[in-house]
Amino acid sequence: MSAFPEVSKIQYEGPDSKNPLAFRWYDENELVEGKTMKEHMRFSVVYWHTFRGTGADPFGPGTAIRPWDDGTESVENAVNRVRVAFEFIEKLGAPFYAFHDRDVSPEGANLTETHKHFDTVVAALKEEQERTGIKLLWGTANMFSNPRYMHGAATSCNADAFAYAASQVKKCLEVTKELGGENYVFWGGREGYQNLLNTDMNRELDHLAKFFHMAVDYAKKIDFTGPFLIEPKPKEPTKHQYDFDAANCVAFLRKYDLMDHFKLNLETNHATLASHSMQHELEYAGMNGVLGSIDANTGDLLLGWDTDQFPTNYYLTTEVMLTILKYGGLSIGGVNFDAKVRRESFEPMDLFYAHIGGMDAFAKGLKIAAAIRAEGEFDQFVKERYSSWDRGVGADIEAGKHTFETLDAYMQEKGEITQNSSGRQEMLENLLNRYM
Ligand code: XUL
Ligand code: CO
C-alpha cells in the first residue's frame, strides 16, 4: 500500500517549470566542477523530523496527519514506518538518510529487549536499503529524550547513565556498521550544564573524552572505519552545551588527542545560535581539517531558538557551497536535512514540498558558487589584499626571519606604515549580487 499515491518520482524539469512537485535546479546528473550534483550534495533525509515529527510545541500537541502511523510505540508500527520512509526517500530521489536509534525503533521493557527491537527494525531497514539503493549517511544514538539522561549521558553526574549510554552507543555503532553507514554522529544532547553551582565541569569533560575514546576503540574492534562527527550546538536543551561551536570542538579534540578520529557535522541553525554564520563555522572547520558533513536547515531571524526550518535562501546556500567547494567537497559527508515542516504544514505532501525546496536551494547555491569560483574575482581580491605578505618584510616574517628586535629596527627606520587600501565591502557585496 502506497503512503503517497498522488506522488510519483520527482523529476528535474528546469528553471521554467511551474510544477511544485518538480526540481527546478537539482538535476542529479548535471556536472559541476567535474562531479555530478548528486555526488556533490549527497542529500540525506532525516528520520526524526520527517517520519517522527508531529508538529508538537510547548503550547500544544502535534498537528501532523500521518495516515500510515498508528501512533503506538509497537515494533510493528516501527517496521511499517520503515516502508513508508523508503517510499518517500525513493520518490524524492535523495541518496541517503540518517537516524537516531530511537527514531527507528522503540524502547523495550529493558535494555536487552530494546536492543532486540532494534535488530528487528534493522532487518527491515536493510531490506529497504537493498531494494532501493538508498544508503545510510550516519547513525546516532538518542541520549537526551529519556528521563534517565536528565543530567546528561557521558557527562552525567551519575556513572550509571554513562554506562547505559555506552551500551546504547555500542549497539548503535554495530547497527551503523551493519547498514553500511558512512559516518557516526555525536550531538551532545544534554552534555552541558544548567548551573555551575552543582557542576564539576572539568570532570564532566574528562568523562566525555573517555567516552569518545571508548567509541574509537570499539569502532576499531568491529572495523567501523567511518569518521565520528561531533555536531556543535551552543545551547538548547542545556544552557551551556559543551560542544559549543567549531572552535570549541577543535580545542576539545586537540586537548584529548581525538583529532585523528573526529570531524564535525555543522548545522546552520546551531551556528547562528552561537552568533556565528554557517560560513564561519565551515571555514573554521575546513581550515582545521575537520569539515565532515552538514545538517542543512535555517533558523528564523526573529526567533532565538532552534527552529530547524528548511533552507530556501540562495545567499545562504551559496555561501555554504562556496566554502565546501573551497575545502574540496564533503567527501563521505553529505547535506543532511535536519529540518522540519512547520506545525501548520500538517499534510504528508508538505514533506515533499519542503525537501524539494531545500534540494533546489542547495543546487542553485552550488551553481552560483561554481560560477563565482570560475571567475575567481573574489579570490583575486583577497590575494591582492594580502599581497604585502608576498614580498619584503611580510614574506620575511612568514619565513621566520624576523624578531621583535629586527622589526623594531625596520620600523624605526621606515617611520610609518605604507598607505592602507580599502576593504571594499560594498563593492564586493554588489559583486556577489551580480552572480545571484
Ligand atoms: C538537535 C540536532 C540533532 C542532531 C542529531 O538540535 O540537531 O537532531 O542532528 O542528534
Ligand atoms: Co542536527
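Okay, quick definition to begin: on a 1 Å grid over the protein atoms alone, a cavity is a set of points where a 1.4 Å probe fits but cannot get out, and lining residues have an atom within 4 Å of a point. For volumes, grid points are joined across faces, edges and corners, and we take the space filled by probe spheres set on the points.

Some housekeeping. This is a predicted model, where local features need pLDDT of at least 70, side-chain atom pairs count only at pLDDT 80 or more, and totals for chains, interfaces and linings use all residues. Residues are numbered from 1 along each chain as its sequence is written, chains are lettered from A and ligands numbered from 1 in the order in which they are written, and side-chain values use heavy atoms, with hydrogens and water left out.

So, how many cavities of 30 Å³ or more turn up in a search of the whole structure? There are two. The largest cavity holds about 110 Å³ of space. Its lining has 17 residues, and nearest the centre are M143, F186, W187, G188 and E191.

Strand 7, residues 135-140, runs parallel to strand 8, joined by two bridges, and W138 stands opposite N183.

Now the second largest cavity, about 30 Å³. Its lining includes P232, F244, L266 and E267, and strand 12 and helix 9 (268-273) each give two or more residues.

E267 shows up again at the metal. Which residues coordinate the cobalt ion, ligand 2? They are E231 (OE), E267 (OE), D295 (OD) and D338 (OD), at 1.9 to 2.1 Å. Donors here are N, O and S atoms within 2.8 Å of the metal (3.2 Å for Na, K and Ca), and water is not among the atoms, so sites may look incomplete. E231, in strand 10 (residues 228-231), and E267, in strand 12 (residues 262-267), sit 36 residues apart, so this pair links distant parts of the chain. E231 is buried at 4% relative accessibility, and E267 at 2%.

Conventions
Helix = DSSP H or I, 4+ residues; strand = E, 2+ residues; numbered from the N terminus. Buried < 20%, exposed > 50% of the residue type's maximum accessible area, 1.4 Å probe, protein only. Pairing = 2+ DSSP bridges. 1 Å grid on protein atoms, 1.4 Å probe; cavity = no way out; pocket = protein on both sides within 12 Å on 5 of 7 lines; lining within 4 Å.
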